[in-house]
Amino acid sequence: MKRHRLIAAAAAALFAALPACAAPAFKAEVTGTGPAVILIPGLASSSEVWQGTTQHLCGPRQCHVLTLAGFAGQPAIEGPLLPQVAQQLSAYIAANKLGKPVIIGHSLGGFVALRFAIDHPGQVDRLVIVDSLPALGAMQAPQATPEQLRQMAAGVRQGMLAADEASYAQAQRRNVAMMVTRAEDVDRIMQMGRGSDRNTVAGAMAELIETDLRDDVAKIKAPTLVLGAWAAYKDFAPRPAIEAVYTSQYGKLPGVRIEMAETARHFIMYDDPAWMYDRIDRFLK
């Protein structure tokens, strides 16, 4: 009952902070008491991916776990999603008097966390990025121009929207199967994807591919921990090559700490939660 009251209060604070014409860019679920931690899931994911993490972290901390608009059953909104999430998150932090919370983001959520820390440095205490890069589109083409990234993003978006339902579902399952090890985790991630709005997913993916934050990360003031995964790429590239991508892309972020999971794939919180919790715990001490 207390948890439901906290969720309702957080929702009321979010709606109160929005301009009259703005639709909510995320739902927040609140657990625990103490210093605030905001957790942001990835593309087409819900707050459920952070369930184990909140059980581990919350109690001495208060966790605000987001599900973004258009993902996993949340109503979609008009316009580019990611800038609206960042803008409304700033208002949410202020309305709830959260001060400078720790922000933890996975995948797309990690990218949102990076951009938020760039644009709102005074509202972030520490930053934990779980398997996300400042410039996903430049991962295999580091010298890609902004126009090339835009073209790449447009192609991906068009392909996602043009696929029929069966082809879209097959591609989704194929991609998810590379991102997590256990079959039951593939199924739960697929369930979130089936509840997600395809236009929102395609648009957010395009935003992620076309945006390059490699220079802008120099503006981040918060201490930052990056947890990378390389196991999904082991058939395509050796570990040092994947580590070099992370090191290069975060090269302008002062004092960044980068650690690579040994066996976990993209959803580190499912594949090796103990490793992830240990690194986060030591970072937040």
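## Burial and the model

A residue is called buried when its relative accessible area is under 20%, exposed when that area is over 50%, and partly exposed in between, with a 1.4 Å probe and protein chains only. By this definition, 51% of the 285 residues of the chain count as buried.

The structure is a predicted model, in which local features need pLDDT of at least 70 and side-chain atom pairs count only at pLDDT 80 or more, while totals for chains, interfaces and linings use all residues. Residues are numbered from 1 along each chain as its sequence is written, and side-chain values use heavy atoms, with hydrogens and water left out.

## Overall architecture

The chain contains eleven helices and seven strands. The radius of gyration is 18 Å, close to the 19 Å that the globule rule gives for 285 residues, so the chain is as compact as a globular protein of that length. Helices (H or I, at least four residues) and strands (E, at least two) are DSSP runs, numbered from the N terminus. The radius of gyration is taken over C-alpha atoms, and the globule rule is 2.2 Å times the number of residues to the power 0.38. Along the principal axes, the C-alpha atoms fill a box of roughly 45 × 40 × 40 Å.

Contact means heavy atoms within 4.5 Å. Of the contacts in the chain with a separation of 6 or more, 76% are accounted for by residues 24 or more positions apart.

## Surface and charge

The chain exposes about 12800 Å², and carbon and sulfur atoms supply 54% of this area. Accessible areas come from the Shrake-Rupley method with a 1.4 Å probe; for residues, only the protein chains shown count as cover.

## The disulfide

With a disulfide taken as a pair of cysteine sulfur atoms within 2.5 Å, the count comes to one. The bond joins cysteine 58 to cysteine 63, with an S to S distance of 2.1 Å. The link is left-handed, with -130 degrees about the S-S bond. Cysteine 58 and cysteine 63 are both buried.

Histidine 106 belongs to strand β4, which covers residues 102-106. This histidine is buried, with a relative accessible area of 0%. Apart from neighbours within four places in sequence, histidine 106 is in contact with Ile40, Pro41, Gly42, Trp50, Val130, His266, Phe267 and Met269.

Serine 107 lies in the loop between β4 and α4 (108-119). Serine 107 is also buried, at a relative accessible area of 14%. Its phi is near 60 degrees, a positive value in a residue other than glycine. Most residues other than glycine have a negative phi.

## Two further loop residues

Alanine 44 is found in the loop between β2 (36-40) and α2 (51-57). Phi of alanine 44 is near 60 degrees, which is positive in a residue other than glycine. Alanine 44 is buried, with a relative accessible area of 10%.

Lysine 252 occupies the loop between α9 (239-249) and β7 (257-261), and is partly exposed, with a relative accessible area of 47%. Not counting residues up to four places away in sequence, lysine 252 touches Arg214, Asp215, Val217 and Ala218. The C-alpha atoms of lysine 252 and alanine 218 are separated by 5.1 Å, although these residues are 34 residues apart along the chain.
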